[in-house]
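Please look at the sequence and the structure shown here before reading the report that follows.

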Amino acid sequence: MLEGTPEARAALLVDPDLRAIRQDAARRAVGAARACEAAIEAAGQNRAAEGSNACTPEALRWTDAERARAAEAIGRIYDRSPAVRRLVAEHMRPSGRFQRDASLGDRALTILAWSEAQNNLDRIIRVYALGEQPRYADIDSVIYPVEGRYYQGFLGQLIREVARRANEDQPAYDLARAFALELMDANRRDDAVRQTALQERENAATLSRLSAIRWSDFPYAAILVPGYSPEIAYEPLNPAAKLRLRRGVDLYRAGKAPVIIVSGGTLRPIGTGFNESLEMKRFLVAHYGVPAEAILIDPVARHTTTNMRNAARLIFRIGAPAEMKSLVTGQVSYIGSEVFSARCRRDFGYVPYVLHDRLDFDTFEFTPVLASLHREATDPMDP
């Protein structure tokens with residue numbers, strides 16, 4: 001957002017503290033690149049690399065002091081730049097993407113959003129270059145042995161590539177961001193972009209239909225069916241997911257809501273080519289004759305927590321009345337537990353739904369919470 005606004009970008013580039021951080025980051029990157037080159041030369045000569053300990057991803061990370069200094073700089077930039085202040089009032093707040101922190105004043109909201117973005121660039125580096133566990137370690141971890149010879153060699157090459165940008169006139173965080181994005185690409189962690197494009201394409205007809213719906217014709221806004229990851233690599237759908245879909249179809253055919261939301265990403269087994277939500281949609285159309293334009297997919301969700309949160313976002317998007325309830329069927333004993341709501345608070349800082357009556361063993365009523373619109377920087381795979 002800042003870079004897309006010329007006046008705001010210029011403010012980032014001229015701030016003396018951010019320029020100093022950029023210069024220090026560039027020096028570290030160039031020094032690490034030279035150490036990597038020395039290590040490559042030494043390895044080619046079959047002797048120990050001199051100074052190879054300096055060929056490290058740590059060189060692309062900001063220090064704690066730099067992050068704190070940058071946050072102070074952003075506060076000053078907010079104070080001095082009308083363009084930045086307009087971005088907050090006219091874009092950040094209306095977008096809903098900072099909704100969890102909407103109670104903050106504009107200045108504090110700007111600093112917090114900046115700090116979270118910067119901290120989580122660093123987290124990507126820690127996960128995909130240093131081997132720290134991500135939130136969902138079984139599906140989102142680095143795909144190579146971090147200490148293995150191949151990956152260490154690749155990291156050295158990547159450090160050298162990123163260091164080529166050291167003299168470019170870019171914002172202070174550019175080198176860390178470039179390194180983080182390259183790491184995600186190397187580990188095939190592009191779901192947030194790839195699956196969002198799938199979502200927009202698959203949901204276009206349904207969203208068009210729902211824009212003209214008369215909500216008073218239905219007791220509920222939507223029927224959510226969470227995914228259930230396959231256990232076997234070649235099966236597109238877990239049999240348990242098919243049972244959940246059957247219950248969703250029963251509710252849809254009973255006229256409970258005008259749309260079924262199916263939610264689940266490309267998750268398990270590791271390396272699967274099947275996306276749960278897309279396969280659920282195909283199953284509903286092929287086996288039950290549910291019209292494709294009566295189905296919304298959420299192909300990004302990675303856990304039941306984000307099944308609920310992402311469905312909440314879709315319910316807001318379709319424009320259902322704010323007080324109108326929806327239904328969730330499948331896994332509701334877990335969804336209704338304190339363990340689950342505590343997991344939501346831990347991962348998001350809030351619970352993205354309010355539960356109402358439990359209609360039967362498989363089905364709960366719920367309403368979405370506006371904070372669900374907040375984009376979660378701590379999970380780059382499903383923000």
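## The largest pocket

Helix α5 (106-128) supplies the largest share of the lining of the largest pocket, namely 10 residues; helices, like strands, are DSSP runs numbered from the N terminus, where a helix (H or I) has at least four residues and a strand (E) at least two. The model is a predicted one, in which local features need pLDDT of at least 70 and side-chain atom pairs count only at pLDDT 80 or more, while totals for chains, interfaces and linings use all residues. Residues are numbered from 1 along each chain as its sequence is written, and side-chain values use heavy atoms, with hydrogens and water left out.

About 1,800 Å³ of space lies in the largest pocket, and of the 45 residues that line this pocket, the closest to its centre are Arg97, Ala117, Arg375, Ala377 and Pro383. A pocket is an open set of points on a 1 Å grid over the protein atoms alone, with protein on both sides within 12 Å along at least five of seven lines, and a lining residue has an atom within 4 Å of a point. Grid points are joined across faces, edges and corners, and a volume is the space filled by probe spheres set on the points. Besides α5, the helices α4 (82-95), α8 (174-186), α9 (191-210) and α12 (304-317) each give at least two residues to the lining. Sorted by class, the lining of the largest pocket has 21 nonpolar, 8 polar and 16 charged residues, where Ala, Val, Leu, Ile, Met, Phe, Trp, Tyr, Cys and Pro count as nonpolar, Asp, Glu, Lys and Arg as charged, and the others, Gly among them, as polar.

## The second largest pocket

The second largest pocket has a volume of about 380 Å³, and of the 15 residues that line it, Ala39, Ala43, Arg149, Gln152 and Gly153 are the closest to its centre. Two or more residues of this lining come from each of α2 (16-44) and α7 (149-163), and α7 gives the most, with 7 residues. The lining of the second largest pocket divides into 7 nonpolar, 6 polar and 2 charged residues.

Strand β1 (residues 223-226) runs parallel to β2 and is joined to it by 4 bridges, two strands being paired if DSSP finds at least two bridges between them. Here Ile223 stands opposite Ile260. Strand β3 (residues 295-298) also pairs with β2 in the parallel sense over 4 bridges, and in β3 the bridge partner of Ile260 is Ile295.

Notes. On a 1 Å grid over the protein atoms alone, a cavity is a set of points where a 1.4 Å probe fits but cannot get out, and a pocket is an open set with protein on both sides within 12 Å along at least five of seven lines; lining residues have an atom within 4 Å of a point.
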